[in-house]
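Subject: the two-chain model

Hi,

Here is the structure I promised to pass on. Have a look at it first, and my notes on what turned up follow below.

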Amino acid sequence: MANEIGMVVAGGALTRFGRRKDGSSFRDWARQAFAAALRDAGLQRRDIDALIVASESDFLTLQLNPASLLADELGLFGIRVMRAEGGGASGQVAVQAGAALVSSGQARRVAVLGLEPAAAHLSGADVAALYSLSFDAWTDGMTGIDSTSIYAMSALAFMRRTDATVSDFARVAVRNRQNARHNPNAHLPLDIAPEDVAASTMIAAPYRRLDCSPLSDGAACVILSQPGNLPGTGKGRARLVGMGSANDRVRLAERADPGTFAAKRLAAQQAYSHAGITPAQIELAEVYDSYSGAQLQALEALGLADDVVAAERRGVFDATGTVPTNLSGGLLGQGAPVGATGVAQIVSCAHQLEGRYAGLGPRITPRFALADTHGGIATLCAVTILGGVE
Amino acid sequence: MRLSIALDYTLPEGGMAPYFDALRAGVALASRCKGCGRISFPPRLVCAECGAEAHDWARLSGRARVVLRTDALAAAFALARFEGADGTTTVALGNPEARGETGQLMAPNGPRPGLWLRLNERETDHA
């Protein structure tokens with residue numbers, strides 16, 4: 001029996017993810033995602049008594065103190081406002097902070113708004129240079145190493161320990177893009193095949209261009225509340241049932257096995273324990289596939305398969321499998337506007353559990369779904385488990 | 001609107017200054033934990049194994065063996081095990097055309113105090 005912490009995702013929405021060259025700004029996306037989440041929850045602006053903003057970097061928004069600005073932009077005043085940050089985990093760090101505010105009675109209805117303008121308004125090289133500071137900027141960063149090279153070395157260690165091959169990685173890269181073709185908000189809904197991955201430019205061996213998630217623009221918003229504080233007492237809404245978070249050595253080279261996402265394993269164990277369930281009860285997952293191989297490394301750490309490579313080959317993580325994974329397309333297909341990523345995962349999982357997801361659905365409506373993010377290279381990990389409608 | 005910002009940082013190196021000073025001279029300076037004796041390179045000012053805050057500095061030979069290597073578009077990087085250090089270190093390869101598995105720490109290429117390894121050409125030059 002699942003633990004009952006008495007919290008639901010009252011509503012949620014995201015903007016289209018992609019390289020926004022339509023003249024819209026992150027302030028527009030924020031207003032759009034927030035208004036849609038409010039509508040989805042059947043709430044008014046005045047019902048919101050806390051706002052938590054997830055945004056990775058002021059270098060991207062070019063706005064210091066973005067939480068104050070965005071609250072003002074959304075027309076929210078006289079309420080508790082803060083920003084939560086944990087690199088690529090920022091969205092879920094913010095969701096977990098929002099849940100803590102509700103649990104502790106400091107807020108009744110919290111809006112969690114994640115966003116990042118990471119694609120259209122800076123050059124790709126400038127964004128890559130900023131992202132290369134996501135590790136230890138003084139040691140790793142000073143070598144000039146980029147994210148792809150760090151992930152590549154972790155993937156090589158994973159391949160050395162398991163029998164994973166670049167074909168397994170390519171299958172993930174293809175499947176997530178194919179899944180994204182059903183998602184109206186996806187950045188890369190690509191009709192590609194493994195040969196396309198193999199023919200794409202080598203970025204850092206073993207990773208080719210199509211093994212890498214894109215730089216994306218976009219925003220996502222969820223509203224968290226205890227059901228009693230919602231219209232219709234939150235009937236029909238997915239429940240937030242388990243949360244975990246843990247960190248690892250920031251320098252990949254210091255880890256006992258650079259191919260293992262050890263902190264993610266700890267974060268997941270916390271979340272399962274908090275929810276009072278086992279990994280075998282997870283029937284849908286949105287995992288942090290910043291790179292194709294990282295999806296397999298994540299699934300392994302999350303305990304969603306005993307032998308992740310064999311499970312991948314058996315189709316366990318396909319839409320028709322027992323643990324459908326990244327049906328949204330994940331970061332590879334839906335896109336990766338950093339602060340929005342973790343929030344969008346919560347929206348996807350909630351809507352899947354509620355049986356009203358706009359994109360690709362699983363064979364059966366799941367009872368439990370898991371959302372997984374991390375910052376750095378599984379350095380700051382946050383895992384959230386949602387339960388179906390009761 | 002268009003906006004261009006140039007940021008010119010001067011970062012004090014604080015407790016890591018001895019490491020950076022040595023690195024700029026091509027010398028590998030590690031920390032040796034006074035609690036458990038672990039030798040970390042790059043140094044750790046708080047030991048991640050035992051939590052001790054006291055350490056000595058230990059000069060390493062700078063010789064290293066590549067454990068994992070990735071060749072990127074315009075550079076190559078590796079996790080390398082430095083002689084005398086516990087654990088491995090992320091390095092940029094100074095001569096990526098070389099295929100040797102051993103090498104020597106070199107002074108950084110350019111103003112950034114990065115960890116660079118010059119690979120030996122021949123496999124007889126063992127670290």
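In chain A, the domain assignment gives domain 1 (8-122 + 216-234) and domain 2 (134-211 + 239-387); the bounds come from an automatic or database domain assignment. Before you read on: this is a predicted model, where local features need pLDDT of at least 70, side-chain atom pairs count only at pLDDT 80 or more, and totals for chains, interfaces and linings use all residues. Residues are numbered from 1 along each chain as its sequence is written, while chains are lettered from A and ligands numbered from 1 in the order in which they are written.

Back to the two domains of chain A. Their C-alpha centres lie 23 Å apart, and 37 residues of domain 1 are in contact with 34 residues of domain 2. Contact here means that the C-beta atoms of two residues, placed from the backbone, lie within 7 Å. On the domain 1 side, strand S1 (8-14), helix H4 (90-103), strand S4 (109-117) and strand S7 (217-225) of chain A each supply at least two residues. Helices (H or I, at least four residues) and strands (E, at least two) are DSSP runs, numbered from the N terminus. H4(A) has the largest share of that side, with eight residues. By class, the domain 1 side holds 19 nonpolar, 14 polar and four charged residues. For those classes, Ala, Val, Leu, Ile, Met, Phe, Trp, Tyr, Cys and Pro count as nonpolar, Asp, Glu, Lys and Arg as charged, and the others, Gly among them, as polar.

Next, a helix in chain A. Helix H10 (residues 292-301) of chain A has 10 of its 10 residues buried, so it is largely enclosed by the rest of the structure. Buried means that 20 or more other C-beta atoms lie within 10 Å of a residue's own, exposed means 12 or fewer, and partly exposed is in between, with C-beta atoms placed from the backbone. The cover over H10(A) includes helix H6 (147-161), helix H7 (166-180), helix H9 (262-275) and strand S10 (368-375) of chain A. Just after H10(A), Gly303(A) takes a positive phi of about 75°.

Strand S8 (residues 239-247) of chain A is mostly covered too, with eight of its nine residues buried. Eight bridges join S8(A) to strand S11 (residues 380-387) of chain A, and the two run antiparallel. Across that pair, Met243(A) stands opposite Thr384(A). I count two strands as paired if DSSP finds at least two bridges between them.

Most residues other than glycine have a negative phi, and most peptide bonds are trans. Thr233(A), in the loop between S7 and S8 of chain A, has a positive phi near 45°. With 11 C-beta neighbours inside 10 Å, Thr233(A) counts as exposed. Ala378(A) sits in the loop between S10 and S11 of chain A, with a positive phi near 50°. Ala378(A) counts as buried, because it has 31 C-beta neighbours inside 10 Å. There is also a cis peptide bond from Ala205(A) to Pro206(A), with omega near 10°; Pro206(A) is in the loop between strand S5 (202-204) and strand S6 (207-208) of chain A.

Now chain B. Of its 127 residues, 38% count as buried. An open sheet of three strands in chain B has the order S2-S1-S3, with antiparallel pairing; S2 (39-40) and S3 (55-59) are the edge strands. Five bridges join S1(B) (residues 29-33) to S3(B), and Ala30(B) stands opposite Ala58(B). Chain B has a cis peptide bond as well, joining Phe41(B) and Pro42(B) with omega about 0°. Pro42(B) is in the loop between S2 and S3 of chain B.

How many residues does each chain put into the contact between them? Chain B gives 21 and chain A gives 23. On the chain B side, S6(B) gives the most, with four residues, and the classes come to 13 nonpolar, six polar and two charged.

Finally, confidence. The predictor gives the complex an ipTM of 0.95 and a pTM of 0.97. Chain B has a mean pLDDT (the predictor's confidence in each residue, from 0 to 100) of 94, and 95% of its residues reach 70 or more.

Cheers
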